[in-house]
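Good morning, and thank you for coming.

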Amino acid sequence: MGVISNADSNGSVQNCNNGLEEKLDELRRLLGKSNGDPLRIVSVGAGAWGSVFTALLQDTYGQFRDKVQIRIWRRPLRTVDRATAEHLFEVINSREDVLRRLIRRCAYLKYVEEAVWDADIVVNGLPSTETREIFEEISKYWKERITVPVIISLAKGIEAALEPVPHIITPTKMINQATGVPMENILYLGGPNIASEIYNKEYANARICGAEKWRKPIAKFLRQPHFIVWDNGDLVTHEVMGGLKNVYAIGAGMVAALTNESATSKSVYFAHCTSEMIFITHLLAEEPEKLAGPLLADTYVTLLKGRNAWYGQMLAKGELSPDMGDSIRGKGMIQGVSAVEAFFELLSQSSLNVLHPEVNKPVAPVELCPILKTLYKILISREQSSQAILQALRDENLNDPRERIEIAQSHAFYRPSLLGQP
């Protein structure tokens with residue numbers, strides 16, 4: 001059950017479409033669309049990034065009404081409070097006319113299958129914590145489908161599964177398990193970006209990851225002068241990295257608030273948190289060096305202006321508490337909280353033990369990740385307050401970040417089982 005918003009583009013059509021119609025026609029051909037049958041794109045979830053991504057598509061292709069239909073579905077019984085409404089207006093602050101048209105022209109549909117049953121492309125704009133539930137509901141209405149939809153997931157978050165061996169379940173895997181849609185039809189789009197700035201046409205990069213069959217044509221379809229989309233075949237690893245940076249963004253927000261924005265303290269934290277991320281990528285990826293640039297860029301923008309860093313700041317200032325949960329009015333889901341728990345659980349497993357250089361004995365990987373351990377104690381077990389993040393940084397026994405990187409580079413750390421690989 002939910003709401004569909006039918007977006008209209010009156011007043012936004014330019015005289016020259018700069019090859020947009022040709023790109024749309026090319027994708028229509030690949031999806032087997034005939035004349036008179038519009039390409040149906042539905043965004044499931046109406047958070048800031050999902051809404052902005054769909055609005056970008058509408059602004060770009062909405063002028064071709066006979067060839068494409070772009071809609072948004074959101075869960076029912078979730079009224080938009082004043083704070084959330086104000087946030088949405090802030091996100092699209094320079095294009096309020098578009099938002100007002102969306103509101104004026106919304107059409108209410110009673111059943112979720114009215115949104116997705118015949119969709120050609122489904123955009124997952126849900127938080128990772130809601131992805132499985134909603135796509136299990138959607139799967140009920142796809143059993144009779146003849147064609148298989150293409151799914152683009154925007155979600156950044158993970159689940160931990162400990163049986164039969166410890167491994168990570170990402171949103172694309174959740175969708176695959178819930179619906180039976182093959183992985184070659186499921187893509188992940190991520191990158192160092194802030195939704196409001198992308199909508200205001202600030203220059204941005206993103207990567208669409210997945211099987212070559214769809215990632216290359218979808219990348220071409222999405223690419224715009226201000227939003228450059230590259231493609232990559234390493235779907236799950238990029239997806240996991242998108243969740244990992246949210247973990248450390250929360251700690252960065254805490255450090256910033258507790259030190260009155262001390263540049264020195266923030267740089268110390270950055271050195272330690274990036275060394276932990278590099279350490280973890282060596283467990284997850286056979287060639288982790290290829291991920292360094294995208295991971296650090298995504299981390300950097302999240303520390304600058306992301307909701308996870310904001311959440312850490314509010315916790316440290318006492319304006320929020322972990323007891324209030326990870327869904328914050330006016331901000332949405334704070335994905336880093338569940339990611340802290342998932343990474344801690346996974347990296348605590350003895351089956352993943354690595355050799356600790358100082359004590360010269362096997363230890364669980366989390367023992368070499370003091371910031372991750374501290375965030376777990378603050379956010380999940382609630383054993384410590386936000387002040388503990390500074391205590392962790394000021395521990396005179398804390399290893400030089402360089403040593404952690406050297407440990408990862410000098411051992412056979414790669415654990416393909418963590419990402420479900422044989």
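**Cavities, cores and a pocket**

Let me begin with the lining of the largest cavity, to which β9 (186–190), β10 (204–209), α10 and α12 (292–305) each give at least two residues. Please bear in mind throughout that this is a predicted model. The lining of this cavity consists of 13 residues, and those nearest the centre are Gly-191, His-238, Pro-294, Leu-295 and Asp-298. By class, 7 of the lining residues are nonpolar, 4 are polar and 2 are charged. The volume of the largest cavity is about 140 Å³. Over the whole structure, the search returns 3 cavities of 30 Å³ or more.

Now for the overall picture. The protein has 422 residues, 54% of which count as buried. Its secondary structure amounts to 17 helices and 15 strands. If we take contacts between residues at least 6 apart in sequence, 73% of them join residues at least 24 apart.

After the helix comes Asn-260, with a positive phi near 55°.

As a general point, nonpolar side chains in soluble globular proteins tend to be buried together. Here, the largest nonpolar core holds 60 residues, and the members that touch the most others are Tyr-248, Tyr-269, Phe-279 and Phe-343. Two or more residues of this core come from each of α10 (235–258), α11 (263–284), α13 (307–317), α14 (335–347), α15 (370–379), α16 (388–393) and α17 (401–410). Which element gives the largest share? It is α10, with 11 residues.

Leaving aside residues up to four places away in sequence, Phe-343 touches Ile-158, Ile-168, Val-240, Gly-243, Leu-244, Val-247, Ile-280 and Leu-372. There is also a second, separate core of 37 residues, with Leu-20, Ala-48, Ala-55 and Val-150 among them.

Leu-372, one of the contacts of Phe-343, is also among the buried residues of α15. This helix is mostly covered, with 7 of its 10 residues buried. The buried ones are Ile-371, Leu-372, Thr-374, Leu-375, Tyr-376, Ile-378 and Leu-379. Against which helices do they pack? They pack against α10, α11, α13, α14 and α16.

α15 also contributes to an open feature, the second largest pocket, where α15 and α16 each supply at least two lining residues. The largest share of that lining, 4 residues, belongs to α15. The pocket has a volume of about 440 Å³. Its lining numbers 17 residues, of which Glu-367, Pro-370, Lys-373, Asp-395 and Leu-398 are closest to the centre. The classes divide into 5 nonpolar, 6 polar and 6 charged residues.

α15 has 7 buried residues and gives the largest share of the lining of the second largest pocket. Thank you for your attention.

Notes:
Residues numbered from 1 in each chain as written. Predicted model: local features only at pLDDT ≥ 70, side-chain atom pairs only at ≥ 80, totals over all residues. Heavy atoms only, no water. Core = buried A, V, L, I, M, F, W, Y, C linked by side-chain atoms within 4.5 Å. Buried < 20%, exposed > 50% of the residue type's maximum accessible area, 1.4 Å probe, protein only. Contact = heavy atoms within 4.5 Å. 1 Å grid on protein atoms, 1.4 Å probe; cavity = no way out; pocket = protein on both sides within 12 Å on 5 of 7 lines; lining within 4 Å. Points joined across faces, edges and corners; volume = space filled by probe spheres on them. Nonpolar A, V, L, I, M, F, W, Y, C, P; charged D, E, K, R; others polar.
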